[in-house]
Every structure is written in C-alpha cells, then in structure tokens.
Amino acid sequence: MDGSLIPVDVTGRDSFTPRCRRRKVILVTGGAGFVGSHLCERLIAEGHSVVCLDNLLTGRRQNVAGLLDHPQFRFLEQDILSRIDWQGPLDEIYNLACAASPPLYQRDPIHTFRTCTEGVLNLLALARATGARILQASTSEVYGDPEISPQHEGYRGCVNTVGPRACYDEGKRAAETLFWEFGAHQGLEVRIARIFNTYGPRMSPEDGRVVSNFIVQALTRSDITLYGDGMQTRSFCYVDDLVAGLMALMASEVSEPVNLGNPGEFTMRELAEMVLAQTGSPSRLVHRPLPVDDPRQRRPDISQAARLLGWAPTVPLAEGIARTIRHFAGEPQVARAREALLDHV
C-alpha cells in the first residue's frame with residue numbers, strides 16, 4: 001500500500017451507525033482472510049456493524065463477496081502499517097492481520113515482523129483513541145518446538161530467534177508483549193488468543209499448510225508430501241469452533257493469553273491417510289526432509305478456555321475434513337486441474 005490514510009466514517013452514513021447499544025461497531029483486520037471472513041459473517045449474523053480491513057496480501061476479496069452488499073458491512077483494502085483515521089464510534093477490534101502459513105510469511109519476513117509490531121502499535125493506538133476493546137490473534141507458534149505436551153499458557157516456549165520462522169514466531173511474541181503492556185499500563189481492554197492449527201473452507205489452495213496441501217494434492221492425484229517420517233503431530237481445530245472461541249474471549253473479562261484449539265492429536269501420516277480415504281485418491285505418500293525449526297509436536301491445553309470461557313471445540317476432525325474437501329473440490333484452480341486429469345484418462 002502507499003501509506004495514505006483512509007478515513008473511516010461510521011457515523012450517520014449508509015445506515016451504518018448502530019441502532020441500539022446492543023449492536024456494536026467492530027473492526028476486523030485481516031477480515032478477508034480464511035478465519036477473518038468467517039468471523040465477519042458471524043458478527044454480521046449477530047446484528048453488528050463490521051468494517052473489514054485487509055491488504056489482500058493473503059486474504060481474498062471472494063471470501064467476503066457475500067457480505068459486500070450488506071448495509072452493515074464495509075470493506076477497506078489497506079495495510080495495518082498505514083494508520084487508520086477513524087471517525088465515529090468503535091466498540092471492538094479483532095486483529096487477524098498477518099500471514100499465517102510459513103511459505104507466505106517467509107516470502108517477506110521484514111513485512112511480517114513489522115505487521116506484528118508497527119501494525120499492532122497502530123491498532124493499539126486506535127483502540128486507545130476510541131476506547132475499543134481489542135483482541136490479538138496470537139499463535140501456538142509462540143511455544144516454538146515445545147518440550148512439554150500439551151502446551152499450557154504458562155509454558156514459555158522453546159524458540160529460535162534467528163531461524164526462518166522467527167519473523168512470525170518472534171513477531172507474534174512481540175505483539176503479545178505490546179498488548180500486555182498497553183493493558184497493564186495504559187488501561188486498554190486487551191484479549192490475547194493463542195490459536196492452534198485451524199482449518200476449514202476458504203483456506204487458499206496455495207496456503208501451504210498441511211490440511212490444504214494434503215487435500216489439494218489428493219484431489220489432483222499428486223504425491224502427498226510428508227516431511228520427515230510423518231510422525232510429528234498436530235491438533236486441528238475447525239474454523240467454526242475457533243470463531244466461537246474468539247468471540248467468547250472477546251466477550252469475557254480475561255486479559256491473559258488463552259489457548260484456542262482442538263486437543264485431539266494426530267500424526268501427519270494419520271491425517272494424510274484420512275484425506276486419502278475420504279477423497280478416494282490414488283495419490284502416493286512421499287517423504288521429504290523436515291523443514292528447519294518445524295515443531296515435532298503441537299497440542300493445546302484448553303482447560304483455561306473451558307474454565308474461563310465455557311468453550312470447547314465440537315467438530316470432529318473427520319467431519320471437518322469432509323467439509324473442507326467439498327470446499328476445495330469447488331475451488332476453480334483445483335477443479336481445472338481435476339478436469340485436465342480426466343481429459344487424459
């Protein structure tokens with residue numbers, strides 16, 4: 001973006017002002033992304049007024065296409081590194097603005113780190129100016145390659161500050177520190193969600209994370225890539241469950257970090273075999289070297305979310321994978337690749 005200011009006037013225009021105190025004005029940064037678009041839909045469905053801000057670096061306008069004509073929704077193409085000149089009321093800010101998949105955040109690591117620091121400072125300044133409550137979408141990556149399992153919020157992590165993942169991992173850790181300091185010393189109402197692996201419809205086919213990789217490879221009959229021996233584990237949370245957790249955290253009075261994820265633990269090989277079974281694909285499993293700093297194990301302790309928020313995930317992995325496969329089968333580039341395969345059969 002060019003750094004110019006985009007004034008956002010939410011007073012008395014296009015019926016955007018809340019009609020009653022129960023309807024909130026909410027800013028969702030990264031709102032055209034995979035998780036952000038689902039959050040925007042849920043907030044609109046509950047009657048709130050939503051401003052979706054996204055630089056479309058990894059988000060996609062098509063993710064919010066169904067909301068663009070809604071009178072209580074507004075889309076702004078802007079980077080959070082550019083200050084937002086906000087006019088009018090603002091009740092809540094959800095900050096989901098940052099590439100989350102390793103191939104994408106490593107493409108421009110300086111921008112990734114600046115998003116987590118300078119961009120976060122811009123949003124905290126906006127929250128201070130408007131009195132808005134603000135939530136940071138942090139990550140399980142703050143735990144690095146953990147030495148304990150499951151990971152609880154008191155665990156300080158095992159991280160590498162100079163590796164290829166450091167721009168994201170350390171950026172998110174710095175963002176948590178900024179949120180904590182603004183909450184502790186400047187009176188902001190801050191919320192910090194440590195998000196574990198999330199999947200579901202609207203993931204990009206080029207996302208580069210394991211669920212999207214496996215499904216796209218299976219649907220296009222390509223080799224399914226397992227890194228290392230395929231026995232490293234992850235815990236996968238369906239996007240609807242995560243959105244419910246984010247909203248529960250925002251509505252709570254909890255200022256310390258809270259893990260949000262599904263504690264069910266699966267090896268990469270188990271996930272690949274599940275995808276193969278559900279797609280009926282003839283794809284082969286092939287092994288590649290393990291990437292640098294790739295965590296061996298990732299599983300959340302969500303006892304704090306259950307106790308403080310009354311939240312727990314409800315969608316089983318097999319069901320969520322089936323829904324996600326249906327989504328990817330309809331993605332244009334995946335559909336074209338499948339048609340090309342059929343033409344050669």
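## Gly-228 and its neighbours

Leaving aside residues up to four places away in sequence, Gly-228 touches His-287, Arg-288, Pro-289 and Leu-290, where contact means heavy atoms within 4.5 Å. Gly-228 and Leu-290 sit 62 residues apart in sequence, yet their C-alpha atoms are 4.5 Å apart in space.

This is a predicted model, so to speak of local features takes a pLDDT of at least 70, side-chain atom pairs count only at pLDDT 80 or more, and totals for chains, interfaces and linings use all residues. Residues are numbered from 1 along each chain as its sequence is written, and side-chain values use heavy atoms, with hydrogens and water left out.

Back to Gly-228: this residue lies in the loop between β10 (224-227) and β11 (233-234). Helices here are DSSP runs of H or I with at least four residues, strands are runs of E with at least two, and both are numbered from the N terminus. Gly-228 counts as partly exposed because its relative accessibility is 26%; buried means under 20% relative accessible area, exposed over 50%, and partly exposed in between, using a 1.4 Å probe and protein chains only.

Helix α5 (residues 210-219) is mostly covered, with 9 of its 10 residues buried. Among them are Val-210, Phe-214, Ile-215 and Gln-217.

Two arginines in the flanking loops have a positive phi. Arg-202, in the loop between β9 (198-199) and α5, has a phi near 85° and is buried at 17% relative accessibility. Arg-221, in the loop between α5 and β10, has a phi near 60° and is partly exposed, with a relative accessible area of 48%.

## Glu-92, a buried charge with a partner

Glu-92 is found in strand β6 (residues 92-95) and counts as buried at 7% relative accessibility. Its side chain makes a polar contact with the side chain of Lys-24, at 2.8 Å. A polar contact is a pair of N or O atoms within 3.5 Å; within protein, one must be able to donate a hydrogen and the other to accept it, and residues adjacent in sequence count only if both atoms are side-chain atoms. Again not counting residues up to four places away in sequence, Glu-92 also touches others, including Val-25, Ile-26, Arg-133 and Met-250.

## The second largest pocket

The second largest pocket has a volume of about 250 Å³. Of the 13 residues lining it, Arg-173, Glu-176, Thr-177, Arg-194 and Pro-257 are the closest to its centre. On a 1 Å grid over the protein atoms alone, a pocket is an open set of points where a 1.4 Å probe fits, with protein on both sides within 12 Å along at least five of seven lines; lining residues have an atom within 4 Å of a point. Grid points are joined across faces, edges and corners, and the volume is the space filled by probe spheres set on the points.

Helix α4 (166-186) and strand β8 (190-195) each supply at least two lining residues, with α4 giving the largest share, 4 residues.

## Cysteines and a cis proline

The disulfide count is 0, taking a disulfide as a pair of cysteine sulfur atoms within 2.5 Å. The sulfur of Cys-40 is 4.3 Å from the closest cysteine sulfur, in Cys-52, so that pair is too far apart for a bond. For Cys-158, the closest cysteine sulfur is in Cys-167, 18 Å away and also too far. Cys-40 is buried at 0% relative accessible area, while Cys-158 is partly exposed at 29%.

One backbone detail to look at: a cis peptide bond joins Ser-149 and Pro-150, with omega about -5°. Pro-150 is in the loop between β7 (133-139) and α4.
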